[in-house]
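Thanks for coming. I will go through one structure, taking a helix crossing, a cavity and an aromatic pair in turn.

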Amino acid sequence: MRRSTAAPGVLLVLYKQPNHNTLEVTRTVNHVLDELKTALPADVTLETTLFRQASFIERVIENLSFAIVLGAVLVAIVLVAFLMQWRTVAISLTAIPLSLLGAVLVLRAFGGSLNAMTLGGLAIAVGEVVDDAIVDVENVVRRLRENRLLAEPRPAFRVILDASLKVRSALVFATFIVILVFVPVFFMGGLAGSFFRPLGFAYVASTLCSLLVALTVTPAVCLWLLPGANVDERREPRFARILKSLYLRVLPLCLRRPRATLAVAAVLLILALGVTPFLGGAFLPDFRESNFVVFMAGKPDSSLAETVRAGNHITQRLKAIPGVKSVAHQIGRANLSEDTWGPNISEIWVVLDLDADHLAIWSQLRDELAEVPGFVFQTKQFLRERIDEVLTGTTADIAVRVVGPDLNTLRAQAADIAEAAEQIPGVVDLRIEPLVDVLQVEMLLRPAQAAQYGFSVGELNDAIQTMLAGTVAGQVYEGDAVFEVVVRADPAVRSNPTALGDLLVDSPSQGKIPLHAVAGTTMAEAPNLINRDNASRRLLVTCNVSGRDVGSVVRDWQARIAERVELPATGLSPGVRRRVRSAK
């Protein structure tokens, strides 16, 4: 809940259980929220579109449905241009709805659904599902034409049966060869397999259904429509005759000079292979979502009040951008959340109008954030940010992990790696994982003095832990609620090394003694956070990519690291050196 201007609110995030339909769950939740709105105070509003996954799903289904229809129309236009005979066109086009409907039934039988990936597989298969039918129909038309020229024409049933059987083996082998191309998709693991396996399944199901249609339905429809049709040679479409005429001119030239023909084909193959590395690559295409998430990180010692103040300022600036529908700043997490961020890290959720220019708003949004000092930002579309976080553990497109034993060396190397990426085209939101030294209370036990007073190291550690971190001493019940009772020293004492050293501890042999008699307490600087990979200290350098593909940016960054960054000869193992150059 939030007001139209920047004001405190409560963010309620709902997670759908697996194997439930998102659209149905969303409709039910919206119905409940509509009822809740009537019970809210007049000065409180309920915003239900900060992130609505159903909106993205509905938009994707609409676009893919249009793509399937458009693909079918284009296939029909091509068939008309080459066949120019309504009977043959109608027979060939019959394969599209029958194959797609058959694939839907197969998906239903195996517990699938019409989602973004299965519809994508059906859209890819639209041009494929008519191939088998076209081959069968063309062979039937040719055999019927030849049969009419015979002195004693054969029955149409026998002609059509023989024509269909003649191409049956070719259709089966060709179909299974096409299916083999998609077999590796079913063996993909992890998130990639979860994404693309439904697409491959939908495509294979459509292709197999098209083969079944070509072997059964197409010959039957041919027997129904073609025996009475005019299939004379002069009825061949003009466009097909022109192409055939050009082909008959080119083919003799290729046969007279086979070596030159093979040389030209080899050159074209080499050129194609040479261009391939420059095509770039990315795991997923760019989504066109109407939800952006801005990852906002301040210094590790930033206070909650400063984060709230900066968030209110940023919210007002982003809200003023034309096309931005609503903005919400999320600070803090639930107790059982998977994120364990401090108050210096938060997220800003931005919702755009559906008809807004997303790229222009994205650019303007980055410009606005660049003018805010003291914080670093990473801006991504919502689903893309969540997917990248699952893949790499970070919210960025590219992450370089610098691993080694010494934090100072890691900081220097991370700064050099970030500097190498600054001038690379397409790199945006470049940042180094924040790591600063903060004052901490450092307490060192003196084992000899502890033994004189009868302490064991374990007992003394337990006493110190109770004073600093606290120990659960019991529970208090208030109705159905249960609260733990924690015993620890006063906060004013715990933050003061001198007062902490004066605390009295119970000695087994000499009664109460001050803590400074058995331990030295000082203030020292230490890193606020230490992250590790395989027990080695790790620092991240991350960035997003805009206007280019991720693969080419990674290659450019790797090349610049190899040229400009001097990795230490010692302190980083060869395995760590390779890890430094690794990127998503």
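A crossing is called left-handed if the near helix is turned anticlockwise from the far one by less than a right angle, and right-handed if clockwise. Helices here are DSSP runs of H or I, at least four residues, numbered from the N terminus. By that rule H10 passes H11 in a right-handed crossing.

This is a predicted model, where local features need pLDDT of at least 70, side-chain atom pairs count only at pLDDT 80 or more, and totals for chains, interfaces and linings use all residues. Residues are numbered from 1 along each chain as its sequence is written, and side-chain values use heavy atoms, with hydrogens and water left out.

Back to the helices. The axes of H10 (residues 304-319) and H11 (residues 358-370) come within 10 Å and cross at roughly 150 degrees; axes are lines fitted to C-alpha atoms over the stretch in contact, with angles from 0 to 180 degrees between N-to-C directions. Ile314, Arg317 and Leu318 of H10 meet Leu365, Glu368 and Leu369 of H11, contact being heavy atoms within 4.5 Å.

Next, the aromatic pairs: there are three. Rings of Phe, Tyr and Trp (its six-membered ring) pair if their centres lie within 6.5 Å, with planes under 30 degrees apart stacked, over 60 edge-to-face and the rest tilted. Phe110 and Phe201 have ring centres 5.5 Å apart and planes at 70 degrees, so this pair is edge-to-face. Phe110 sits in the loop between H3 (86-109) and H4 (116-125), and Phe201 in H7 (residues 190-225), 91 residues apart.

Finally, which helix gives the most to the lining of the largest cavity? That is H2 (residues 53-83), with three residues. A cavity is a set of points, on a 1 Å grid over the protein atoms alone, where a 1.4 Å probe fits but cannot get out, and lining residues have an atom within 4 Å of a point.

Conventions
Helix = DSSP H or I, 4+ residues; strand = E, 2+ residues; numbered from the N terminus.
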